[in-house]
Amino acid sequence: MTLKDGTRLDADVYRPAAPGPYPVLLQRQAYSRRIACSICYAHPSWYASHGYIVVVQDVRGRGTSEGTFRPGETEIEDGAEAVEWAARLDGANGDVGMYGFSYQAYNQLLAAAGDCPSLKALAPAMGPWNPAHWAYENGALQMKHMIGWGIQITAEAARRAGVDEAFSALQAAGANLPLSGPIAAMPQLLQKYRHYSHVMDWLETPPDSPYWESISPATHLDAIRARRLPMLFVGGWFDPFLPATIESFRAVASSSDDTRLIVGPWIHFPWTRKVGSVDFGSEADRNVDNDHIRFFDRILKGSSSRADNRRIELFDMGLKKWRQYQDLPANSQELFLGGTARASLDAQDGTLGLRRGPEVDVEHIVHDPWRPAPTVGGYYGAPTGPVDRRVADERGDVLTFATEALADAIEVVGEPEVELELSCDRPSFDLCCILSLVTSDERVLQISSGYAHYRAATAGRYKLKLATTCATLKKGERLRLSVAGADYPAYPVNPGTGEDPASTPKTHALVTTIAVWHGPSRASLLWLPVEPGSEIRQG
């Protein structure tokens, strides 16, 4: 197709064998239309065999399409034009649904803000909602994510330009991220090849810049809601876009009775039963393609199948089975942090309990930029997903607080929140909080996490929301909260000086001590989301 500004976009079109007319499924690709998200979806020909014309289009500046790729900047107009073009294809009945994950989810939501009356349904999986939160988490640059993705995007631009040397250097760096330069978050390789992509511009754009709003679906929430489009959201407990998936679902859920959310125990891709060091069983090996066909058949073909009244399906990581909800639960229970000031040295010292400790006491995190607390599992570890984090928790710069062995099972479901009484000896600090279940054989497996950068380290109370989770802890298991001052290389090391960690030379970094207080008058606590009636009881 040719856009109104004269730019040519290329697409592959897959058709059913029998004559139409048929509804159209459109996927707008940033990673080559021939890949077509086949790393986690069935091939487009499979979707076509179910009675759809399937269009997979290279977005502007990607694959063989003309133009320059600048994420989000033209996707509203480009997407809307593509929807109407696809609706008029030979054999099409005029109704279009969109599907795809990651960037292909993001551009669906932007297209929904454009002028495209033929768009009838979306199926966004594991994609951004507010790009400021794509690049940053609570003010902290998501360094490993941004640099890894940035190298991939820049390498593809170099390949399109036919510059073999640049492509080869970037391809090699993608396998071993170049974080060893003077400023880890500003790799010299990306600076050298910055003219090929948007990446350095993004790394140099602070989280409070209005630029992020200009490319954000969230900015157009009213327009998207007004469309009343049915949507099928898919997320993963160990996908970096999990918070965005939850946020976007919550934002639009009330605008259509047929908007659904599925969250499995998956990383960004693939969506399989074995994640990290855990086999979540046969139920985790879900056929998400069938979920899509049922959804699109209902919306685009008027099939007789009705949407389940309980429109949220969450995979319980403890029971290893799916659970259904009408709304995300909001009930929570207070668990107070305690200990004898040795929680950084003894993993058994720090406690999580129903009562405040009898005396005010303090635990210390000594963050040494020479050996920052490492990324283990979760969104950005190697491997990603739930892996035993005992070795990391036994470091002297990680505080751990745990419940006693549970007398009864508890159903943890929702958004945990940590509320800490803190002080710091430097102008700024970072905070990493990991919530894990401790199995009966003492493996420590992450179920939720949160990270924040605090540019001004005033003494007082700090609240940090962790990612939504769903995990039933069995009788005899324990719950553990781990607290550190770094999570490297997922996020850059905070120098402690008040300077921006993303642009400050490593030589500026200072040893930083963070004090975590607990006790009657200076309580620190965890708000644990639990099903009503499933609260931890006093032993």
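Student: Where does isoleucine 39 lie?
Tutor: Isoleucine 39 sits in the loop between strand 2 (22-29) and helix 1 (44-49), where helices (H or I, at least four residues) and strands (E, at least two) are DSSP runs numbered from the N terminus. This is a predicted model, in which local features need pLDDT of at least 70 and side-chain atom pairs count only at pLDDT 80 or more, while totals for chains, interfaces and linings use all residues. Residues are numbered from 1 along each chain as its sequence is written, and side-chain values use heavy atoms, with hydrogens and water left out.
Student: OK, switching to alanine 402, which strand is it in?
Tutor: Alanine 402 belongs to strand 17 (residues 398-402), and it is buried, with a relative accessible area of 9%.
Student: What does alanine 402 touch?
Tutor: Leaving aside residues up to four places away in sequence, alanine 402 touches Gly350, Thr351, Leu352, Arg478, Leu479 and Arg480, a contact being heavy atoms within 4.5 Å.
Student: How far is the C-alpha atom of alanine 402 from that of leucine 437?
Tutor: The two C-alpha atoms are separated by 9.3 Å, although the residues are 35 apart along the chain.

Terms used. Buried < 20%, exposed > 50% of the residue type's maximum accessible area, 1.4 Å probe, protein only.
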